[in-house]
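This briefing is for a reader meeting the structure for the first time.

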Amino acid sequence: MLRSSIMGLLSLTLAGCAGRTQPATPSPAAGPSAKTTTLSWERSQYPSTYKRKPNPPVFIRNATIMTGAGPEIARGSILFREGRIVAVGTTLEPPADATVVDGTGKFVTPGLIDTHSHLGVYSAPGTFAESDGNEATNPVTAQVWAEHSFWPQDPQIPLAIAGGVTTIQALPGSANLIGGRSATLRLTPARTVQEMKFPGAPYGLKMACGENPKRVYQSRGPSTRMGNMAGYREAFIRAEQYRHKWDEWLKSRKGNPPDRDLQLETLADVLRGRILVHNHCYRADEMAQMIDLSHEFGFTIRSFHHVVEGYKVADLLAREGIAASVWADWCCFKMESYDAVPQNAALITQAGARAIIHSDDPIGIQRLNQEAAKALYAGQQVGIVVTREQAIRWITANPAWALGIDSVTGTLEAGKMADVVLWSGDPFSIYSTADQVYNDGWLVFDRHDPRHQPSTDFNLGIAEPGVGR
Amino acid sequence: MMARVRVLLVAAMIAALPAITAAQTIAITGGTVYPVSGPKLEHATVLIRDGRILDVGTSVTIPGDATRIDATGKWVTPGLMHANTTLGLQQVGSVDATNEANHAGDINAAFNVAEGIDPATPLIAIARLEGVTTAVTGPSSGLVAGQSVLIDLLGDRIESMVARSPLAMVINLSESSKSAGGGSRAGVLEALRRLFTDAQEYDRRKADFRKNQMQALSASAANLEALGPVLRGELPVVIDANRQSDIASALRLAREFRLKLIIRGGVEAWKLAGELAAANVPVVLNPIDDIPSFDGPGARFDAATLLQRAGVSVVLTESQSGGPRNLRWSAGHAVRFGMSWDAALAAITLAPARAFGADDRYGSLERGKVANVVVWSADPLDFASHADHVFIRGIEIPYTSRQTELLERYRKLPPSY
């Protein structure tokens with residue numbers, strides 16, 4: 001079914017994760033049934049149709065290379081071919097068939113990855129017609145999938161590509177305690193979301209703490225933080241029973257299978273560790289509550305998101321191995337953001353936890369490198385030991401880990417996907433731009449070549465592609 | 001009556017200004033000084049006395065009693081002026097109890113925000129630690145939102161913070177004010193013209209009005225009275241407009257009523273750069289705001305450069321969720337897309353001061369101006385820099401804010417409460 005160049009790698013590294021092309025069945029052993037008729041859960045569920053686009057081999061020479069996996073390489077070269085990184089180093093020679101790009105004075109980084117985007121689910125131009133991110137009709141909507149809202153023609157997508165972003169997690173909003181499944185997408189122009197789905201990437205589950213669910217549901221409940229907690233617990237108690245019922249049935253496959261419940265199917269896969277939990281949570285004390293919740297039901301939280309008070313419990317995040325997807329300096333737009341400090345990412349990093357700079361914003365996603373720079377220098381200014389090598393990981397390797405795709409992308413290492421950005425200068429300087437963006441080896445954006453400046457349908461007749469960028 | 005009280009309060013505020021500065025002499029020596037009003041000066045001195053700039057140059061005599069600040073290897077600029085904030089008027093965005101910038105109703109010309117300012121809001125210290133020393137703070141709802149004021153980010157009393165009040169009248173011609181015109185942009189313009197005409201009529205026939213010998217006017221006497229300075233061309237009017245057609249409407253209104261116009265937002269202002277330059281209309285632009293919407297789909301990152309090249313006075317601002325601390329990086333962004341570094345620095349210092357008619361006292365390092373000065377560790381428009389010293393009215397601001405206190409409390413975990 002899946003013919004991507006990276007499938008071999010993924011099947012080794014992401015085994016056990018619910019791949020996009022696998023059946024929805026809760027059974028780890030299940031495949032398409034040999035019976036003449038199959039039930040819906042036995043069939044492939046909304047598979048990825050992603051295909052790498054062809055591009056000649058590329059050799060970028062004499063650039064500063066920030067690999068995301070080690071020290072910066074001065075006067076380095078990188079070669080990639082057929083979507084894979086072949087080599088990174090200082091003594092490489094370009095093969096005869098490669099397009100050679102002069103990187104003198106320029107920088108190369110992995111493609112940037114945003115763990116928290118609402119592109120495509122809250123699309124521009126921002127009318128009610130494009131408002132598809134919150135199924136705010138019930139506090140628990142684990143049954144909804146962000147990919148079923150995603151609009152590939154969102155005119156914000158090319159803007160993010162021009163900022164060096166190659167992969168996003170498109171998330172449901174935070175109105176609900178449990179908002180639904182996320183989609184991990186390769187950020188390339190496409191007609192359908194299926195063409196963008198990152199092959200083999202595990203699904204995520206969006207959960208939300210605090211003010212938002214409380215505010216949205218105040219008239220019907222939950223209207224308090226204790227109400228929020230009760231809501232998660234009730235949902236996972238049901239999920240626990242559902243999982244047990246299915247797992248028992250799958251052992252024998254005798255009699256009729258249990259009823260299928262879309263909501264509990266997703267939550268059961270969280271309990272099985274196949275779906276990664278992404279939890280919008282600002283306050284330190286609430287993160288501790290959510291950690292207890294995860295212990296109660298035996299799942300792990302992959303990443304807290306926003307984590308404005310992460311610096312207050314950075315030791316806890318490090319101990320639990322939970323990534324922290326944060327902004328550089330967002331502050332004061334609501335009570336749970338009131339204690340923001342610009343040193344948050346640096347302090348979390350110093351404590352040994354995995355910090356990530358995320359956007360949650362169509363403007364912020366265009367400058368993840370700049371937000372990382374702000375957070376880096378805010379830390380260094382006050383003497384927190386944080387390095388450029390760590391800071392580049394905030395927007396590359398660490399988000400790749402949070403999305404469960406770090407074995408195939410997120411760093412510049414031989415064998416990984418050729419998600420590569422060529423910057424006009426130091427990506428931590430405001431004066432630098434992403435000059436070229438390669439997504440899986442394909443030149444998706446070139447600032448100096450109008451043939452590689454994608455635009456969406458909405459812009460036609462309204463704004464010229466690439467103009468003034 | 002109310003209008004009179006306000007006028008008196010405003011007069012009191014202006015009178016109070018010079019008294020609050022401490023009598024102190026400070027010499028900032030050895031730095032690279034960017035006066036903005038002229039070319040940069042290497043190894044220059046900025047001399048401050050009693051809250052004013054006494055001298056700037058490479059051969060300044062430093063009085064014996066001066067406190068010396070060694071700025072060798074550093075960058076010295078005027079304090080930054082943020083042209084579009086709600087500083088002092090808003091503390092926690094979603095908490096109405098802390099918000100004073102919004103006045104109910106469509107026509108709020110008499111609404112001056114000054115008395116809603118909370119000098120104690122922690123957001124002020126957060127902004128000034130990044131070199132923002134002066135801010136336009138103003139109203140943000142309704143068709144005629146009200147009057148903005150200019151504040152220095154220093155002082156524990158409204159009277160001592162306010163540098164000019166009123167500073168400008170704020171009017172909204174973007175899609176968000178359509179309801180005030182019956183749901184149509186044409187209706188908005190019709191309502192505004194009637195309002196302005198009524199204000200002129202009121203101004204001519206105050207006696208008749210008091211004797212109740214006039215037909216009903218479209219706004220209260222207080223609102224009509226407040227529009228007087230706008231229609232006499234004495235008070236600038238800031239018009240929020242993004243779409244080319246809305247900016248053109250603002251220009252049309254300005255011609256008809258001889259308004260001293262400033263365009264704010266201005267997403268598609270670059271399309272009318274020539275006209276804006278010819279009409280001498282400054283544009284207050286957020287250069288990273290590029291999300292397509294029906295209110296202004298034609299954003300481009302080099303808009304500031306195009307406007308500046310056409311001769312428009314460009315004022316750069318920001319509206320990021322990280323707050324006004326981000327102002328200097330808006331200027332850096334403009335440089336990244338073609339603006340000269342000097343022009344970008346001017347766009348967050350002298351250009352806003354000029355646009356709002358406050359350049360007699362603000363915006364550059366020149367003799368006699370208010371001593372708002374920042375010493376930067378490196379290029380202030382880039383990320384790898386921070387403010388080493390911030391002076392507002394000649395007083396050095398301590399490096400403390402709610403954020404620095406939180407940082408110190410939690411630097412080592414667990415904290416010692």
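A:His280 has A:His305, in β12(A), as its bridge partner. That pair belongs to a parallel pairing of strand β11 (residues 276-281) of chain A with strand β12 (residues 301-306) of chain A, which extends over five bridges. The model is a predicted one.

**The six-strand sheet of chain A**

- The sheet is open and has six strands, in the order β8-β10-β11-β12-β13-β14 (chain A).
- Pairing within this sheet is mixed.
- Its edge strands are β8 (178-181) and β14 (355-357) of chain A, each of which pairs on one side only.
- On average, and with direction ignored, neighbouring strands of this sheet are turned by 20° against each other.

**The hairpin of chain A**

- Strand β16 (residues 434-439) of chain A and strand β17 (residues 442-446) of chain A run antiparallel and are joined by four bridges.
- Opposite A:Gln436 stands A:Asp446, a residue of β17(A).
- Two residues lie between the strands of the hairpin that β16(A) and β17(A) form.
- In this hairpin, A:Asp440 takes a positive phi near 55°.

**The contact between the chains**

- Chain A contributes 43 residues to the contact, and chain B contributes 36 residues.
- On the side of chain B that touches chain A, α10 (327-336) and α13 (402-410) of chain B each supply at least two residues.
- The largest share of that side of chain B comes from α10(B), with five residues.
- By type, the residues of the side of chain B that touches chain A are 19 nonpolar, eleven polar and six charged.

**Helix α10 of chain B**

- Why is α10(B) described as largely enclosed by the rest of the structure? Ten of its ten residues are buried, so α10(B) is largely enclosed in that sense; a residue counts as buried if 20 or more other C-beta atoms lie within 10 Å of its own.
- The buried residues of α10(B) include B:Leu327, B:Trp329, B:Ala331 and B:Val335.
- Also among the buried residues of α10(B) are B:Arg328, B:His333 and B:Arg336.
- The strands of chain B against which the buried residues of α10(B) pack are β6 (80-85), β7 (132-137) and β13 (314-316).
- These buried residues of α10(B) also pack against the helices α9 (303-309) and α11 (341-346) of chain B.

Note on methods. Residues numbered from 1 in each chain as written. Chains lettered and ligands numbered in written order. Predicted model: local features only at pLDDT ≥ 70, side-chain atom pairs only at ≥ 80, totals over all residues. Contact = placed C-beta atoms within 7 Å. Nonpolar A, V, L, I, M, F, W, Y, C, P; charged D, E, K, R; others polar. Buried ≥ 20, exposed ≤ 12 C-beta atoms within 10 Å, placed from the backbone. Pairing = 2+ DSSP bridges. Axes fitted to C-alpha atoms, helices over the stretch in contact; angles between N-to-C directions.
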